[in-house]
Each structure stands twice: as structure tokens, then as C-alpha cells.
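Reader: Before I set anything up with these coordinates, I would like to go through the strands, the domains and the chain contact one question at a time. Could you show me the structure first?

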Amino acid sequence: MTNPDANFLKGQKHLTRRYRAEQRFQWIGRIAIAASLTFLVFMVASIFWQGKGALITTKIALTVDLSTEMIDPANIKGASFDKIIKLALRTEFPEATKRKQKKRLYALVSSDAGFQLRDQILEGPALLGADQTIWVSASDDVDMLMKGHIDRNKPQNSRRLSDQQISWIDALLVKQVFNTGFFTNGDSREPELAGILSALVGSALSLLICFALSFPIGIMSAIYLEEFAKKGRWSDLIEININNLAAVPSIVFGLLGLSIFLNVFGLPRSSPLVGGMVLSLMTLPTIIIAARASLRAVPPSIREAALGMGASPVQATFHHVAPLAMPGFLTGTIVGMAQALGETAPLLMIGMVAFIVDIPGSILEPATALPVQIFLWADSPERAFLEKTSAAIIVLLIFLVLMNIIAIILRKKYEIRF
Amino acid sequence: MQKTPLITAKDVDVFYGTKQALDKITLDIPEHKVTSLIGPSGCGKTTFLRCINRMNDLVDICRVEGQIEIAGQDIYAPEVDVVALRAHVGMVFQKPNPFPKSIFDNVAYGPKIHGLVSTKSDMEEVVEWSLRKAGLWEEVKDRLNETGTGLSGGQQQRLCIARAIAVKPKVILMDEPCSALDPIATAIIEELIDELRKKFTIIIVTHSMQQAARVSQRTAFFHMGNLVESGATKTIFTSPQDERTQNYITGRIG
């Protein structure tokens, strides 16, 4: 064939080049995704690896003398439980006679051991009257040794436990159990006692306040601005300001909270109420922007249909437009809330950085929040706080995932196809 | 002697900002007839249609001057409630736009917000009546709880008509109701329009001159914001007075 067009369907040079460029681009995209996934997996895996230790704690069995000489059954609370614990340790290891040795011996059990003994007796007064074997928490150093974080082969003076202490531990009956205290205790200076509950409750209460304030205010502002406000210089000005607010560093909102909520309004310092209010200042712009975008995405034909039926603008908005924009509202809210959950800086400004042992019972009591707790633990020198830090991060991540799951379920529920 | 028209428009000017979209439109629309508004794109026929139920109020920069009376009442008078007006002047749009709710709720929405029915059985009656009038009842009676957006295009448009007539308006405005539909669906809607004019007064904007000729008794021809000619459809199509009308219906402009 001599027809010059005979090959018109075959690939030509510039076509092959085009396909190659396409291939190249796809590969770059795949590599980018693989890289980010690797980082993510690495991060999560390392956090879990470090944090899993916090779920285990070490207990020591002690044979304590609970005779009536030591404890008056009529006045159990008046007894000196610390003394009983110390006595038990001394009877076990009579060789510790010098003051320094005794101190080292006592350091094997947690400073909470006396209280644990008391609680067990109050729970079961039948224990009284004879020698009993009870389990008490070991100190964090013992816990670290059991978990292999203290190296026995190192010379004595470069580890936190002496050879004698290690030999005592080996002689004692020791077990590793699930650390329920981590989920039921507040913060503590002793790593083996420190728990996440007060921070968790503080975060939950703050977020509740934040949601209760920012969701209605944000959605209403968005609906008003998008559906009712006259477009003009004022609405432009407001829009620009809201967009700028979304980019303001969060610590500035903390300063605002400090000067307005605490100093002017006189609300209680360190409380989840103020924390939630400050966080809602921060989430509001996010929610408003997302909600306006989702309102704008509702087809105008729906608005016209409703208005053409004789619905008033408010009816048209709330019966038809807002329900269609609901998934968008929820997405914006959850993005804002997730930001708020991880926010530390503004909370530092209003005093939620305090060392809080008690679990806050109301929104007016002092509390701390999960990210602040993580920050505090990461700052502590004890080796045992390292795993607590990671475990707290795991709790924070699980909290976040749960929040997102709820949002997805709600969104699915409200999603209407059109 | 002719009956007094239901709608009379007198010297209606419409401005979008500084641009004049309609210029001194004076038109009478008789009751229980189909009046079609024809003309090339951008001639102002849809603008005029939207003046009749004041949908133009929604456009910030739109300004309407002149007088439109429905049954002797000036609809642009300050005491007129737009919501009440729209309950009497229903509208069917170019693209079918049922609410993303059930078929039942679509039709029931109007009577509900205007408080026309009080009991559930009354509502069911109104919904059935409207759907029957719109010729949709037989097709959807077993699936009233399914969403209205799941219907075919033609069915959706009939659902929109059912929704509009459920509040028993005096006038139904139709803005190119068949432009998004296939010929069969169009034919069904056209039949329906003819049926509906017994109860309602219908004004229809259409791009199809065949459609105007088929469904309407009166026709008004718009051109560049002016009402060029209006009269009985037959007269307009057979012996137009104005040269522009003639050019348009014979396909020389458009």
C-alpha cells in the first residue's frame, strides 16, 4: 500500500512520549503515597511498641503481719500501714540493717503500697488477725527491671538498682499484671501510679463544651452569612476576617481566653469550661468555612423549588438546604474537633497545664487535657514515663478514631443522594 | 365581549442593575387558558414569567417597575405577602427539581407549610388527587415512600407538577418544562398541560414553536426585552402582524 495514511492509527513519536509522561507521573504519585504510608506505619508502630509496656505493671507479694497488735480492728484507718509494709520487707530480708540498706529495701515497693494494703483490708476485714500474703505495686525501677529496660550486666553504679536490690527482687515473689491503674488513676509523680483518666475526662469535658458552643454558633453563622446576609462590603469584610481567623496561631486564642474569660469574666482557672471555650474560638472559623462551602454546594434548584412552593426563606433553608448540607457540617465540625483535641498551646495559657491528680467531677473543677498530659509526661525524667507518654498518645489516637467513627456514622445517616 | 383577564401586566420594566431586561410589557392573560411565551434566548420571557410570582425578588440587583395584577390585586403592592402570592402562583422549573425526599413528602410539602390540611387522611387524599391530576398516580402509588429523585426525568417533572398543584394555585408558571425531556415524556406533559388548564391558568415559556402551537391558546412573542406581539396562538402562527414575529416563527431569526 502506498497510502501515506495507512499507519494513522499506529503510535507516533509524540504519542509515545505522552504515554511515557503519563506513566512517569503515575509512578511519582505511587512513590509519594508509599513514602507517606511508610512514615505513618513507622510512627504508629513505634508508638505502640513503646506504649505497650504501660499496659503491664509489676506487683510484689509480701507477707504482712496483720495481727491486732498492728491494726486495731475498731480503728482500721488509724493504723500505720507503711510501717507494716516496711516490717514485712525487713522480716523477709533481715540482712538489711544499715539505714542506707533499709532505704534501698523500702524503695522496692511503690510509695502507694501502704494505701493499697489499707484498701485491701477495708475491702476484706477478714484478713485481719494473722499473717497474710498480699500483692502491692512494685516501684517503677523494679517495673523497669522486669520489663528489661534496666540492664543487669551493666556495672552497678551506672544503673538505678544495686546488685543487692536485684538479688532481693529475685528472691521475692513478683508478677506482671494488666495495669488497670493506668485507666483509673489521675496523674502522679510516681510513674507506677500515674494514670490517664483525669486527662481523658478533662479532654472529654473540654470537647463537649467546645462542641456545644462551636457547632450551633458555627452552623448558624454559616447559614446566616450564606443564605440571608446581603452580599456587600460588610459580608466580604466578615468573610475575610473569618478566613484569617482560621489561620491565627492557636496560642493567640489562649491569650484571648486568659485575658477575657479568666481576667474579665472571672471564670475558674484550669477548668474544662474555659478550655472548651478557648478551643471553640479556635474551631469556629474551621466550622464556619466548611459549613459555608457545603451550603454553597447545595444545588440552587432546591432553593428555588422550595421558594417557588411558597416556603419562606427560613423554611426553605431549614427544611431543604440545611439537611442537604448536613454531611458537610459534620465533616467541618469533626475536623475542627480533631484539631481541638490535639491542641496544647491555648490550654497552657489558661492553666490547664497544672499537675492534676483528681479526676474532674464537673466542668468547673481544675483539669488537664490529653495532649497537655503527654507533654507533661514527656518532660519527666523517669524512664518509666517514656512508656506512659506513648500509651497516652495511643489513648489520644483511639479517642480521635472513635470521634471520627461517630462522625462517619452520623454522616452516613444524613447523607441524601440527589 | 371578552371575559376580564386573570392577570394583567401594565408597563412592566425590569432592570438587572443598570441593564434593562424588559421594556414596557403590557399583556393580558386570560383564565383557564394556556398562554405561551416565545422568543429567542435572552429576550426576557423567563424574566417576565418570574415577575408573576416575584421569584425575581431573590436576585439582589433586580428591580421591577410597572404593575402586575392578579384577579385585580397588584402583586407588587407593599402589603402583599410574597409567601402567600407564591401559594397562589405555582411554578415548574426547567430542570426537574424534586426535593430529595419521598414522593409523598414532595407532594405533601406545600399543603403542609401552608396549613391546608390537618389530618393525615386528608393529606393522603390531597397527595393522591395531585398525583392523579399529574398523571403519575398509577406509576408511583406502590412506592410513595421511595425518594422522588429516583424517578425518571419525565416522572420527576410530573412530580414537580403534582407538587405545584397540591396547594391548588390559581396560576401555574412553567419555565420550559420539557426542555430536559425526551419526546415521549414531552408528549405526556403536553397532554397533561391541556388537562390542567380546566382547573388552572397556565403560562408556559417554551423554545419550541411546535410546542407553543400544540399546547397554547394564546401566544406572546418577546424580542430583545420587548413584547412584539400577542394574541390567539392560531393568529400568531398563521398571520403574524409584525415582521419580527414572522421571521422568528419561520426560523429566520432565533
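This is a predicted model: local features need pLDDT of at least 70, side-chain atom pairs count only at pLDDT 80 or more; totals for chains, interfaces and linings use all residues.

Reader: Which residue of β8(B) is the bridge partner of Ser36(B)?
Author: Within β8(B), the bridge partner of Ser36(B) is Ile204(B).

Reader: Why is β8(B) described as largely enclosed by the rest of the structure?
Author: One face of the strand carries Thr201(B), Ile203(B) and Val205(B), the other carries Ile202(B) and Ile204(B), and all of these are buried, which covers both faces. A residue is taken as buried when 20 or more other C-beta atoms lie within 10 Å of its own. Strand β8 (residues 201-205) of chain B is largely enclosed because, of its five residues, the number buried is five.

Reader: Which strands stand at the edges of the six-stranded open sheet of chain B?
Author: The order in this sheet is β6-β7-β8-β3-β9-β10 (chain B), the pairing is mixed, and the twist from one strand to the next averages 15°. At one end, β6(B) runs parallel to β7(B) and is joined to it by four bridges, with Val89(B) having Val171(B) as its bridge partner in β7(B). Each edge strand has a single partner, so one side of each is left without a neighbour in the sheet, and these strands are β6 (89-92) and β10 (226-232) of chain B.

Reader: In chain A, which residue of β2(A) is the bridge partner of Ile60(A)?
Author: Strand β1 (residues 56-65) of chain A pairs in the antiparallel sense with strand β3 (residues 173-178) of chain A over six bridges, and there Ile60(A) stands opposite Val174(A). Seven bridges also join β1(A) to strand β2 (residues 131-137) of chain A, again antiparallel. In β2(A), the bridge partner of Ile60(A) is Val136(A).

Reader: How many residues does domain 2 of chain A bring to the contact with domain 1 of chain A?
Author: Chain A is divided into domain 1 (53-179) and domain 2 (197-414), and their centres, taken over C-alpha atoms, are separated by 46 Å. On the side of domain 1 of chain A that touches domain 2 of chain A there are three nonpolar, two polar and two charged residues. Domain 1 of chain A gives seven residues to the contact, and the number from domain 2 of chain A is seven.

Reader: Which helix gives the most to the side of chain A that touches chain B?
Author: The contact between the chains involves 18 residues of chain A and 20 residues of chain B, and by class the chain A side has eight nonpolar, six polar and four charged residues. Both α12 (300-308) and α13 (313-341) of chain A supply at least two residues of that side. With six residues, the helix that gives the most is α12(A).

Note on methods
Residues are numbered from 1 along each chain as its sequence is written. Chains are lettered from A and ligands numbered from 1 in the order in which they are written. A residue is buried if 20 or more other C-beta atoms lie within 10 Å of its own, exposed if 12 or fewer, and partly exposed in between; C-beta atoms are placed from the backbone. Two strands pair if DSSP finds at least two bridges between them. Two residues are in contact if their C-beta atoms, placed from the backbone, lie within 7 Å. Ala, Val, Leu, Ile, Met, Phe, Trp, Tyr, Cys and Pro count as nonpolar, Asp, Glu, Lys and Arg as charged, and the others, Gly among them, as polar. Axes are lines fitted to C-alpha atoms, for helices over the stretch in contact, and angles run from 0 to 180 degrees between N-to-C directions. Domain bounds come from an automatic or database domain assignment.
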